[in-house]
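This briefing groups selected structural features of the protein shown below by topic. Please read it alongside the sequence and the three-dimensional view.

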Amino acid sequence: MEKKSKIKRIAVLTSGGDAPGMNAAIRAVVRCGIEAGLEVYGIYNGYLGMYEGKIERMTRKSVSEKLDRGGTFLGTARLPEFKNEEVRLAAIENLTEYGIQGLVAIGGDGTYRGALSLSKMGIKVVGIPGTIDNDIAGTDFTIGFDTAVNTAVDAVDKLRDTSSSHHRCSVVEVMGRNCGDIAVWTGLAVGAEVVISKETGYNEEEVLSIIRKASLVKKHAIVIVAENLVDINELAKTITENTQFAARATVLGHIQRGGSPTARDRVLASLMGVKAVDELINGASGVCICHRGGKIVSLPIEEALASTDERILEKYEAFKKLF
Ligand code: ADP
């Protein structure tokens, strides 16, 4: 039989970029922890709050009416200095003062790297993937991704209505600096003509040729671009000058991070929160919770952070066949 640790107090924080569904994950950690007989603490503003000692005991009521809310009620922050050992030591001292032995860190790859460093310093840490970008390779889905894609799809559907009326091409920038999942999923869901992401690459002539072909048979065209790859205003100008379409550029920006989480994100977050508490109770550390092939599992953080390219390219191949 597996030896259970005698962990009594755990804490939960959200860090890095916020994502819809983070509140659902916090709620699950708090309620499940209390149900298991643990004391559960909330740390405000991520690793910054851990360093500043912004720590508060959570009750079942602390997480009431949070499930449907976007953002994170614990707040989030960025603290680049957390890479320094002395900053982490000071943060760990605050945990020790409260007798906190285990931590659930909800965030993206940066948050995971912080979690890994903490686990190497003796704190038991379990990560939960809370990021809209879906850029953690070990999990099929991160919390917030589904909501962000639905937000992007909704916005592009609206742009399509007006593009179609005006015989235009919409060039839309979506989030996903290091991972093109939002772009490719949105492209598939809206029937875009072109998707440009880090993984798909960018060839101006190829894009223009596709748009020219589309202009012969369609009233509108849609180009989805992952952020920071090309200047979309320049691209819209090039399309206007070299095809039958007048193009307009739209940056969706932070609206993709907001809004009430979809049912899918709420369920994913809840299941992951429960699993994270189980992992801490079982003495795990340096692991993160993943959704793999329909199952909620845990993986060593290093393994979960490996490259995501293959997963995206598979969907991009499907996208090209549908155009
Ligand atoms: P995300 O978790 O969304 O990827 P960031 O990359 O901004 O967001 O990371 C969130 C926080 O995690 C950073 O502000 C920093 O406090 C911490 N962090 C990131 N990388 C490391 C690292 N290599 N070592 C320790 N802490 C880190």
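Asn94 touches Met50, Tyr51, Glu52, Gly53 and Ile55, residues up to four places away in sequence not being counted. The model is a predicted one, and Asn94 has its place there in helix 3.

- Asn94 is buried, because its relative accessible area of 16% is under the 20% limit.
- Asn94 and Tyr316 are 222 residues apart in sequence, and their C-alpha atoms are 46 Å apart in space.

- Lys66 is found in the loop between strand 3 (55-57) and helix 3 (85-98).
- The relative accessible area of Lys66 is 13%, so this residue counts as buried.
- With neighbours within four places in sequence left aside, Lys66 is in contact with Asn23 and Phe73.
- From C-alpha to C-alpha, Lys66 and Ala192 are 35 Å apart in space, and they are 126 residues apart in sequence.
- Glu65 also has its place in the loop between strand 3 and helix 3.
- Glu65 is exposed, since its relative accessibility of 65% is over the 50% limit.

**Positive phi angles**

- Most residues other than glycine have a negative phi.
- Glu65 is not a glycine, yet it has a positive phi of about 55 degrees.
- Asn45, another residue other than glycine, has a positive phi near 60 degrees.
- Asn45 is placed in the loop between strand 2 (39-43) and helix 2.
- Asn45 counts as partly exposed, because its relative accessibility of 26% falls between the 20% and 50% limits.

**Ser163 in helix 5**

- Ser163 lies in helix 5, which comprises residues 145-166.
- A relative accessibility of 3% makes Ser163 a buried residue.
- Apart from neighbours within four places in sequence, Ser163 is in contact with Arg168, Ser170, Lys219 and His220.

**Domains**

- The domain assignment gives domain 1 (9-144 + 261-308) and domain 2 (148-254).
- The C-alpha centres of domain 1 and domain 2 lie 35 Å apart.
- Across the two domains, eight residues of domain 1 are in contact with eight residues of domain 2.

**Largest pocket**

- The volume of the largest pocket is about 770 Å³.
- This pocket is lined by 31 residues, of which Gly16, Arg78, Asp109, Gly110 and Thr111 are the closest to its centre.
- Helix 2 (46-52) and helix 4 (109-120) are the elements that give two or more residues to the lining of the largest pocket.
- Helix 4 contributes the most to this lining, with six residues.
- The lining of the largest pocket comprises twelve polar, eleven charged and eight nonpolar residues.

**Second largest pocket**

- The second largest pocket has a volume of about 210 Å³.
- Its lining has 15 residues, and those closest to the centre are Val194, Val195, Glu206, Ile210 and Tyr316.
- Strand 7 (194-196), helix 7 (204-217) and helix 11 (309-322) are the elements that each give two or more residues to the lining of the second largest pocket.
- By class, this lining divides into nine nonpolar, three polar and three charged residues.

**Cysteines and disulfides**

- A disulfide is a covalent bond between the sulfur atoms of two cysteines.
- How many disulfides does a search of the whole structure find? The search finds zero.
- The cysteine sulfur closest to that of Cys288 is in Cys290, at 4.1 Å, which is too far for a bond because a disulfide requires the sulfur atoms to be within 2.5 Å.
- Cys288 is buried, as its relative accessibility is 0%.
- Cys169 is likewise buried, with a relative accessible area of 0%.

How values were computed
Residues are numbered from 1 along each chain as its sequence is written. This is a predicted model: local features need pLDDT of at least 70, side-chain atom pairs count only at pLDDT 80 or more; totals for chains, interfaces and linings use all residues. Side-chain values use heavy atoms; hydrogens and water are left out. Buried means under 20% relative accessible area, exposed over 50%, partly exposed in between (1.4 Å probe, protein chains only). On a 1 Å grid over the protein atoms alone, a cavity is a set of points where a 1.4 Å probe fits but cannot get out, and a pocket is an open set with protein on both sides within 12 Å along at least five of seven lines; lining residues have an atom within 4 Å of a point. Grid points are joined across faces, edges and corners, and a volume is the space filled by probe spheres set on the points. Helices (H or I, at least four residues) and strands (E, at least two) are DSSP runs, numbered from the N terminus. Ala, Val, Leu, Ile, Met, Phe, Trp, Tyr, Cys and Pro count as nonpolar, Asp, Glu, Lys and Arg as charged, and the others, Gly among them, as polar. Contact means heavy atoms within 4.5 Å. Domain bounds come from an automatic or database domain assignment.
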